[in-house]
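Q: Hi! Could you walk me through a few salt bridges and a helix packing in this one?

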Amino acid sequence: MHIQSDVCIIGDGAIGKVAALGFAQAGLKVTLLSPLNPLPASINKATSAAEAWDVRVYAVNHVAHHLLSSVKVWEALDASRVQPVDSMVVKGDAAGALAFDAYGARVGTLAWIVEDRNLNQALDAALKFASNVKTVHGRATDLKIEDKAASVQLENGDTLSAELVIGADGGQSWVRAQCNIDFDYRPYGQRAIVSNFACEKPHHGIAHQWFSVEEGIIALLPLPGNQVSLVWSAPDALADILSRESLAQVAARLSALAATELGTLTPLQPELVKSFPLSLIRPRAITAPRVALIGDAAHVLHPLAGHGMNLGFADVAGLIKAVVERGDHRDCGDARVLARYARSRKEDILLMQLATDGLARLFGTTFEPLRIARNLGLNLVNKLPVLKRRLIGHAVGDKNQ
C-alpha cells in the first residue's frame with residue numbers, strides 16, 4: 001500500500017499528535033505513523049482508574065496553552081485534573097531563594113500542571129475527528145529523500161510519501177539517525193524519580209524546588225486537592241538508594257525537607273514510582289532535506305525547569321508557521337521553509353539548553369566559592385524586578401515581559 005500526504009509525522013507522543021492536528025487544521029493532508037507497541041501495563045491496568053494520578057506530569061506554559069487551545073484540545077481536557085501554578089519558590093542549598101508569582105508576571109497563572117494521560121486522551125479524541133489525518137500503525141525501516149518528496153518504507157512493505165517528514169520520535173530519534181545528523185550527548189549522572197503524594201497542608205498552587213549538591217534537584221508540583229507531584233533529579237548513587245526504599249521512606253525524606261510548606265507527605269495509592277536517566281542531547285541540526293525534527297528529537301534537556309515539553313510545543317508552532325507562510329510557489333518541505341523554521345527556533349532552544357545545563361552544573365559542584373556565589377545570585381535576582389520579570393517571561397513563554 002502506498003499512502004501519499006503533504007506531511008508525514010513519525011512518532012505518536014503528545015508532540016507528534018499536536019503537530020498532526022495543527023497541520024490538519026492548516027488544511028494539509030497528514031499521515032501520523034504510530035508504533036505497533038501496546039500501551040505500557042501501568043496504563044492498561046487498574047492504575048489508569050479515575051482515582052489514580054499519572055506520575056508523569058507537565059508544567060504547560062502559555063505558548064503550549066495557546067497551541068493546545070488553537071487545535072481545540074485544551075477545552076477537551078478533564079479540567080478537574082488540571083492544576084494552575086500561581087507561584088514558584090526556588091531554594092538553594094544555603095540561604096539562597098528566588099520566588100516567582102503570576103501577579104509579578106502580569107498573567108493569570110504561571111503554568112498549568114497536566115497529566116500525560118489526560119493530555120493524550122484529549123489528543124486521541126481530537127484525532128478521531130480530524131478528517132485530514134490518517135494514523136498508520138507500523139515500524140519504519142527506511143527513509144529515502146528525493147527532489148520532490150520523501151518516502152518512508154515500513155516493515156510490512158507499505159510506503160508513506162510526503163513533501164515533508166517530521167521526526168517527533170524522541171531522544172533516540174530514528175529519523176535523526178536516518179538523516180545522519182550528528183549530536184552531542186552528555187549524561188548528567190542523575191536519574192529522575194517521579195511519583196505523587198498527598199500533603200498535610202494546602203499547597204496554594206505553589207510549586208517548590210530545592211537545589212542540593214548531595215540530593216540533587218527536588219521539585220514538588222501542585223496537583224488538584226492537597227496533592228503534589230514529585231520530580232527528583234537524584235545523583236545516580238542516591239537514585240539507587242531511593243529505588244530500594246519504599247515510597248513511605250521517600251515520603252519521610254520529603255516531609256523533612258518540605259514540612260514547613262506542605263507538612264507531612266504520604267504516598268498516593270496505588271504506590272506508583274518511575275525513574276529515567278537524565279542526559280543532554282544537542283543535535284547539530286534540526287532539519288535535513290525534506291525533514292524537520294521537533295520535540296526530544298530536536299533537543300533533550302535537564303528537567304529542572306520543566307520546559308522540555310513546552311520547547312517541543314514551541315517547535316510545533318514554529319514549524320506550522322513556517323509551512324503556512326511558505327507561499328504558493330513552495331511545497332511543505334522546501335529548503336527555504338525548513339531554513340526559516342531552523343532560524344526561528346535557534347535562539348529559544350539555545351537559551352533553554354544553556355540555562356538548564358548551566359544551572360545543573362552550577363548546583364552540582366561542591367566548589368565552595370561557587371556554592372556561595374550561586375546562593376547570593378538567587379537572592380540578587382529575587383531583588384531585581386526587571387531581571388526577574390525577564391526570567392518569568394521566558395518561563396511562561398512571553399518574551400515581551
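A: Happy to; we can start with the salt bridges and then turn to a helix pair. Keep in mind that this is a predicted model.

Q: Great. How many salt bridges does a search of the whole structure find?
A: The search finds 14 salt bridges. One of the pairs is Asp-124 with Lys-17, whose side chains meet at 2.8 Å, N to O.

Q: Where do Asp-124 and Lys-17 lie?
A: Asp-124 is in helix 5 (residues 116-128) and Lys-17 is in helix 1 (residues 14-25), so the pair ties together parts that are 107 residues apart in sequence.

Q: And is Lys-17 buried or exposed?
A: Lys-17 counts as buried, at 8% relative accessibility.

Q: OK, next pair. Which residue does Arg-81 form a salt bridge with?
A: That would be Glu-115, with the closest N and O atoms 2.7 Å apart. This pair also links distant parts of the chain: Arg-81 sits in the loop between helix 3 (62-70) and strand 4 (83-85), while Glu-115 belongs to strand 7 (residues 111-115), 34 residues apart.

Q: Are those two buried or exposed?
A: Arg-81 and Glu-115 are both buried.

Q: What about Asp-348 and Arg-345, how far apart are the closest N and O atoms?
A: They are 3.0 Å apart in that salt bridge. Both residues are in helix 10 (residues 335-362), and because they are three residues apart there, about one helical turn separates them.

Q: What are the relative accessibility values for Asp-348 and Arg-345?
A: Asp-348 has 14% and counts as buried. Arg-345 is buried too, with a relative accessible area of 4%. Salt bridges that share partners join Asp-315, Arg-345 and Asp-348 into one network.

Q: Nice. Switching topic: at what angle do helix 1 and helix 9 pack?
A: About 25°, with the axes 10 Å apart; helix 9 covers residues 308-324. Angles under 35 degrees count as roughly parallel, so helix 1 is roughly parallel to helix 9.

Q: Is the crossing left-handed or right-handed?
A: The crossing of helix 1 and helix 9 is right-handed.

Q: Which residues meet there?
A: On the helix 1 side they include Ile-15, Val-18 and Phe-23, and on the helix 9 side they include Phe-313, Leu-319 and Val-323. By class, the contact has 11 nonpolar, two polar and no charged residues.

Technical notes
Residues are numbered from 1 along each chain as its sequence is written. This is a predicted model: local features need pLDDT of at least 70, side-chain atom pairs count only at pLDDT 80 or more; totals for chains, interfaces and linings use all residues. Side-chain values use heavy atoms; hydrogens and water are left out. A salt bridge is a side-chain nitrogen of Lys or Arg within 4 Å of a carboxyl oxygen of Asp or Glu. Helices (H or I, at least four residues) and strands (E, at least two) are DSSP runs, numbered from the N terminus. Buried means under 20% relative accessible area, exposed over 50%, partly exposed in between (1.4 Å probe, protein chains only). Axes are lines fitted to C-alpha atoms, for helices over the stretch in contact, and angles run from 0 to 180 degrees between N-to-C directions. Angles under 35 degrees count as roughly parallel, over 145 as roughly antiparallel, 65 to 115 as roughly perpendicular and the rest as oblique. A crossing is left-handed if the near helix is turned anticlockwise from the far one by less than a right angle, and right-handed if clockwise. Contact means heavy atoms within 4.5 Å. Ala, Val, Leu, Ile, Met, Phe, Trp, Tyr, Cys and Pro count as nonpolar, Asp, Glu, Lys and Arg as charged, and the others, Gly among them, as polar.
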